[in-house]
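Keep the 3D view open as you read.

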Amino acid sequence: MTKKTTRTTRKETPFTNTGKAIKRKDMTIIADSTEYTILKDYRFEAATTMEYLSGYGMNCYNAILRFGNHVIFAAMNYKGETLAAIYEFAEEPHEDFGRIECRIRLVELADATFEDAGHAAAWAFGRLEHS
């Protein structure tokens, strides 16, 4: 005796263009109460957490490094370009949340691209040494 199996097909929702495009010439915009900067086709949050960055664009090419009161974030965009950002802590850890959950603010973005996350981090370390 064989069992009959039935397959249900999923109904796909078609893509609809809402007309809410972000123009790349507008480097800093505010949408949905979130402020961010787009640089070289990558979205850098103006205020975020290390925890959020660790899951945002999670791949083996990105790097997040805590350096004192700063966080260095190196990320690769879809073109294969590695970018660098420097964040600083905006709050201190509390008994209810740790350092990884503290808010950080975007301080500086590199205006160049890098060979890899290590070179991007080296740029950031150099900037932080001179500040």
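The paragraphs below follow pairs of charged side chains through this predicted model.

Start with the general idea: side chains of opposite charge can pair when their charged atoms come close. How many salt bridges does the structure hold? There are 5 salt bridges in it, and we will visit some of them.

Find Glu88 first. Its partner in a salt bridge is Arg105, and the closest N and O atoms of the two are 3.4 Å apart. Glu88 belongs to strand S7, which covers residues 82-89, while Arg105 sits in strand S8, residues 103-109, so this pair ties together parts that are 17 residues apart in sequence.

Because Glu108 lies in strand S8 and Arg127 in helix H2 (residues 117-129), the pair ties together parts that are 19 residues apart in sequence. Glu108 is partly exposed, with 24% relative accessibility, and Arg127 counts as partly exposed at 41%.

Now turn to Arg99. Which residue does Arg99 form a salt bridge with? The partner is Glu92, and the closest N and O atoms are 3.3 Å apart. Arg99 is partly exposed, having a relative accessible area of 22%, whereas Glu92 is exposed, at 51%.

Conventions:
Residues numbered from 1 in each chain as written. Predicted model: local features only at pLDDT ≥ 70, side-chain atom pairs only at ≥ 80, totals over all residues. Heavy atoms only, no water. Salt bridge = Lys/Arg side-chain N within 4 Å of Asp/Glu carboxyl O. Helix = DSSP H or I, 4+ residues; strand = E, 2+ residues; numbered from the N terminus. Buried < 20%, exposed > 50% of the residue type's maximum accessible area, 1.4 Å probe, protein only.
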